[in-house]
Amino acid sequence: MRTTIALVVSAYNQGPVLAKVLRGVELQSRLPDEVIVADDGSAGETRRLIHDWIHDAPAPARHIWHADNGFRKTVVLNRALAAIRSDYVVFTDADCVPHRHFVRDHLRAAEPGYWVQGRRCFVREPWVPQFDPDRVRFARWALKGRINGVSKGIRLPFPIVFRNTGQRGIIGCNLACWRRDAEAVNGWDEAFVGWGGEDSDFGSRLYHLGLRRKLVYGHAVTFHLNHPTLPRDHLATSQARLEETWRTGRVRCELGLDRHTEG
C-alpha cells in the first residue's frame with residue numbers, strides 16, 4: 001500500500017523568507033500528498049502570500065491560521081495535525097528551505113517504531129535575500145563562506161543513520177513521524193508557550209511511547225535562513241516542564257491534539 005505523506009510548514013510573519021520555502025516545496029522531486037501551512041497569526045503581506053500560494057499549490061494545500069496572541073506554535077501545529085489525513089507527517093519551519101529531495105528522503109526513511117530527525121545547514125543572515133532555491137549552487141555558496149554547518153547540508157548518495165534515543169539535536173524544523181504515533185502522544189504540548197522546549201518535549205514523549213530516533217545525515221536536508229534570535233522570555237519555564245517530562249516518563253500531554261479533535 002502506498003504511504004501518503006503530509007508536509008507541515010509552521011509560519012509567522014516571514015513573507016519574503018516563506019516565499020523561498022514554498023518555492024522549495026514546489027521544486028520537490030516527490031511532492032507531498034498534502035501541505036499545511038500552520039500559521040501562528042501572520043498578517044498583511046505574509047497572509048496574502050500564503051493565500052495566493054495555496055490557490056496555485058502543486059499539491060493539495062491548506063492554510064490553518066489563528067489570531068496572533070504570542071508564540072503559540074504548539075497550538076497551531078495541533079490544529080494542523082487534526083486536519084491531516086496522510087499516514088506520515090513531516091514538520092518544518094518557514095525559515096527552512098527544503099532540498100529538492102527532502103520529501104522523498106523522508107518517505108524513504110520512514111520506518112515503523114521510529115521517528116526521524118533530519119539536519120540543517122545555515123545560510124548566513126547577510127546572504128539570505130540572495131538565496132534562490134532555483135539557482136543556488138550549494139558547493140559554490142559553501143566555498144564562499146555563505147553557509148555554516150556545511151557538513152549538514154551535503155546530500156549524499158546514501159544516508160548516514162544513527163538509531164538512538166538521544167536528546168541532542170532534536171529540532172522541530174526537520175522532524176517526521178507516523179501520524180498514528182503523533183496521535184498516541186496527543187500531539188504537541190500546548191502548555192509550552194513561547195520559544196523553546198516544545199520540540200524536545202515532543203521527541204521525548206515519542207521515546208516514552210517506545211519509539212527510537214533515526215538521526216539522518218546526508219538525506220532530508222534543509223537550508224535554514226538565519227535571522228535575529230527570537231525572544232526567549234519563557235525558556236526557564238519551558239525547561240522546567242521539559243525536565244518534568246523526562247522525570248515522569250510522560251507519554252501523553254494534557255493540553256494537546258485531542259482539544260482539536262473531540263466533539
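**View 1. Strand β12 has buried side chains on both of its faces.** In this predicted model, Thr222 and His224 point one way from β12, while Phe223 and Leu225 point the other way. Buried here means under 20% relative accessible area, and each of these four residues is buried. On one flank, β5 and β12 pair in the antiparallel sense over three bridges, and valine 97 has phenylalanine 223 as its bridge partner in β12. Strand β7 (residues 120–123) runs parallel to strand β12 (residues 222–225), and four bridges join them.

**View 2. Four strands make an open sheet in the order β5-β12-β7-β8.** The pairing in this sheet is mixed. Which strands stand at the edges? They are β5 (96–98) and β8 (147–148); each has a single partner strand, so one side of each is left without a neighbour in the sheet. Helix α1 lies across β5 and β12, and runs at about 15° to β5.

**View 3. Strand β7 shows a covered face and an uncovered one.** Cys121 and Val123 make up the covered face of β7, whereas Arg120 and Phe122 make up the uncovered face. Phenylalanine 122 is a handy landmark for the pairing: it stands opposite histidine 224 in β12, and also opposite asparagine 148 in β8. The pairing of β7 with β8 is antiparallel, over two bridges.

**View 4. Valine 123 and the nonpolar cores.** The largest nonpolar core has 39 residues. Which residues have the most contacts inside it? They are Leu18, Trp53, Tyr88, Val90, Val123, Phe131 and Phe223. Stay with valine 123 for a moment: not counting residues up to four places away in sequence, its contacts include Val128, Phe131, Trp141, Arg146 and Ile147. Phe223, His224, Leu225 and Asn226 are also among the residues that valine 123 touches. A second, separate core has 26 residues, including Ile84, Val185, Trp188 and Phe202.

**View 5. Eight strands form another open sheet.** Follow the strands in the order β3-β2-β1-β4-β10-β6-β11-β9, with mixed pairing. The edges belong to β3 (61–65) and β9 (160–164); each has a single partner strand, so one side of each is left without a neighbour in the sheet. On average, neighbouring strands of this sheet are turned by 20° against each other, direction ignored. Helix α3 (residues 73–83) packs on the sheet and touches β1 (5–11), β2 (34–39), β3 and β4. The direction of α3 makes about 155° with that of β2. For a look at one pairing, find strand β4 (residues 88–93) and strand β10 (residues 174–178), which pair in the antiparallel sense over five bridges. Here phenylalanine 91 stands opposite leucine 175 in β10.

**View 6. Serine 10 is a buried residue in strand β1.** The relative accessible area of serine 10 is 8%, and the cut-off for buried is under 20%. What is serine 10 in contact with, leaving aside its neighbours within four places in sequence? The residues are Ala38, Lys73, Leu77, Thr92, Asp93 and Ala94. For a sense of scale, the C-alpha atoms of serine 10 and leucine 215 are separated by 21 Å, with the two residues 205 residues apart along the chain.

**View 7. Helix α2 has a buried side and an exposed one.** Helix α2 (residues 44–56) has 13 residues, which at 1.5 Å a residue should span 18 Å; the end C-alpha atoms are 19 Å apart, which agrees. Thr46, Ile50 and Trp53 are buried in α2. These residues cover an arc of only 70° around the axis, which puts them on the same side of α2. An α-helix has 3.6 residues a turn, so residues three or four places apart point the same way. On the other side of α2, you will find Arg48, Asp52, His55 and Asp56 exposed. What covers the buried residues of α2? The cover includes α1 (15–26), β2 and β3.

Key
Residues are numbered from 1 along each chain as its sequence is written. This is a predicted model: local features need pLDDT of at least 70, side-chain atom pairs count only at pLDDT 80 or more; totals for chains, interfaces and linings use all residues. Side-chain values use heavy atoms; hydrogens and water are left out. Two strands pair if DSSP finds at least two bridges between them. Axes are lines fitted to C-alpha atoms, for helices over the stretch in contact, and angles run from 0 to 180 degrees between N-to-C directions. Contact means heavy atoms within 4.5 Å. The expected span of a helix is 1.5 Å times one less than its number of residues. Buried means under 20% relative accessible area, exposed over 50%, partly exposed in between (1.4 Å probe, protein chains only). The arc is that of the directions from the helix axis to the C-beta atoms. A nonpolar core is a set of buried Ala, Val, Leu, Ile, Met, Phe, Trp, Tyr and Cys residues joined through side-chain atoms within 4.5 Å.
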